[in-house]
Amino acid sequence: MKPAPFSYVRPSSVGEAVEALSATDGEGKLLAGGQSLVPLLAMRLARPTTLIDLNHLCTLEGLTAAEGRVTFGSMTRQRDLIAQSEHPLVAEAVRWIGHAAIRSRGTIGGSLAHADPSAELPAVALATNAVLRVQGPNGDRMIAIDDWFETMLQTTIADDEILVEADLAAPTRWGFAEMARREGDFALVLAVVAEVDSRWRVVIGGVGARPWRCEAAEALLDEHTNPEQVGAAISEAVQDTVETFDDLHASVSYRSAMAAHVAGQAATDALSLDRALLSDGTVVAP
């Protein structure tokens with residue numbers, strides 16, 4: 001199939017992009033990497049009246065690091081997220097996204113705005129206490145990541161707002177684990193464990209309509225530091241509290257068991273000595 005007819009706008013600034021988006025009365029779509037949107041257009045599952053192309057807005061690319069946090073422009077490509085060293089957890093997680101061709105076009109902002117509950121970057125953002133800056137007709141607005149996800153593939157950003165930056169804490173320790181049917185496939189389940197501001201955050205993806213924080217597992221990590229013991233305890237805490245679903249790929253019991261397994265693996269990795277951000281800013285990572 002081919003997309004339904006639409007108007008095409010290539011703004012030269014974020015302000016022009018906001019103005020063009022506002023003029024569509026909620027019927028426009030933003031084109032970033034296009035890895036999710038273009039297939040929806042081709043199948044006519046999305047029928048925007050206007051497509052607003054952000055790919056020429058260089059001001060939305062790149063990153064800055066300061067005071068234990070890293071701010072990424074929303075149009076920063078996933079391939080560049082792998083190459084950077086300021087946020088090694090992001091680099092590690094992005095390696096699991098699709099294949100090289102996808103990562104060369106996909107962006108951090110596109111992934112966060114699409115909000116696929118099985119995607120790596122939304123889970124990492126939740127685990128690192130991210131703050132997202134959006135720009136609309138009334139100026140900038142900051143949204144905490146805990147308030148970002150609404151439900152399946154939906155966020156709290158308004159129809160006339162554009163995600164321009166994602167500010168993530170650089171964790172002092174972290175672990176990431178994922179299980180997929182094949183390399184490059186969407187995750188069946190994934191787990192991110194991150195120590196941020198001396199507190200642990202445990203996030204599971206692929207088990208519901210949005211990434212899920214397991215507070216029971218976080219409490220265990222705050223109390224215990226032995227990687228040989230904590231992995232099994234984290235697995236048990238996740239399996240006892242996770243609420244998930246079944247589909248063609250996994251039953252409820254199987255997906256729960258997988259979520260428990262990857263959570264235990266990520267927690268064990270987080271407590272090991274081969275991945276840490278040292279007090280002098282030196283990164284020790286695999």
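**Figure 1. The hairpin of β13 and β14, with Gly206 at a positive phi.** Six residues sit between the two strands of this hairpin, and Gly206 takes a positive phi near 90°. Strands here are DSSP runs of E with at least two residues, helices are runs of H or I with at least four residues, and both are numbered from the N terminus. What you're looking at is a predicted model, so local features need pLDDT of at least 70 and side-chain atom pairs count only at pLDDT 80 or more, while totals for chains, interfaces and linings use all residues. Residues are numbered from 1 along each chain as its sequence is written, and side-chain values use heavy atoms, with hydrogens and water left out. β13 runs antiparallel to β14 (residues 212–213), with two bridges joining them; two strands pair if DSSP finds at least two bridges between them. Val203 has Arg213 in β14 as its bridge partner.

Figure 2. Strand β12 (residues 187–196) runs antiparallel to β13 and is held to it by seven bridges. Look for Ala194, which stands opposite Arg201 in β13. These two strands also make a hairpin, with two residues between them, and Asp197 in the turn has a positive phi of about 55°. Six of the seven residues of β13 (residues 199–205) are buried, so the strand is largely enclosed by the rest of the structure. Buried means under 20% relative accessible area, exposed means over 50%, and partly exposed is in between (1.4 Å probe, protein chains only).

**Figure 3. Thr244 and its surroundings.** Thr244 is in the loop between α9 (227–241) and α10 (252–271). Its side chain reaches the backbone oxygen of Val207 at 3.0 Å. The cut-off for such a polar contact is a pair of N or O atoms within 3.5 Å; within protein, one must be able to donate a hydrogen and the other to accept it, and residues adjacent in sequence count only if both atoms are side-chain atoms. Leave aside the neighbours within four places in sequence, and Thr244 is in contact (heavy atoms within 4.5 Å) with Val207, Val252, Arg255 and Ser256.

**Figure 4. β3 and its parallel partners.** Strand β1 (residues 7–9) runs parallel to β3, with three bridges between them, and Val9 stands opposite Ile52. β2 and β3 also pair in the parallel sense, over four bridges, with Gly28 opposite Thr50. In a regular strand the side chains alternate between the two faces of the sheet. In β3, Thr50 and Ile52 point one way, Leu51 and Asp53 point the other way, and all are buried.

**Figure 5. Helix α7 and the residue Asn129.** Eight of the eight residues of α7 (residues 120–127) are buried, so the helix is largely enclosed by the rest of the structure. Among them are Glu120, Leu121 and Pro122. Just after α7, Asn129 takes a positive phi of about 55°.

Figure 6. Most residues other than glycine have a negative phi. Asp25 is exposed, with a relative accessible area of 67%. Arg44 sits in the loop between α2 (37–42) and β3 (50–53) and counts as partly exposed at 31% relative accessibility.
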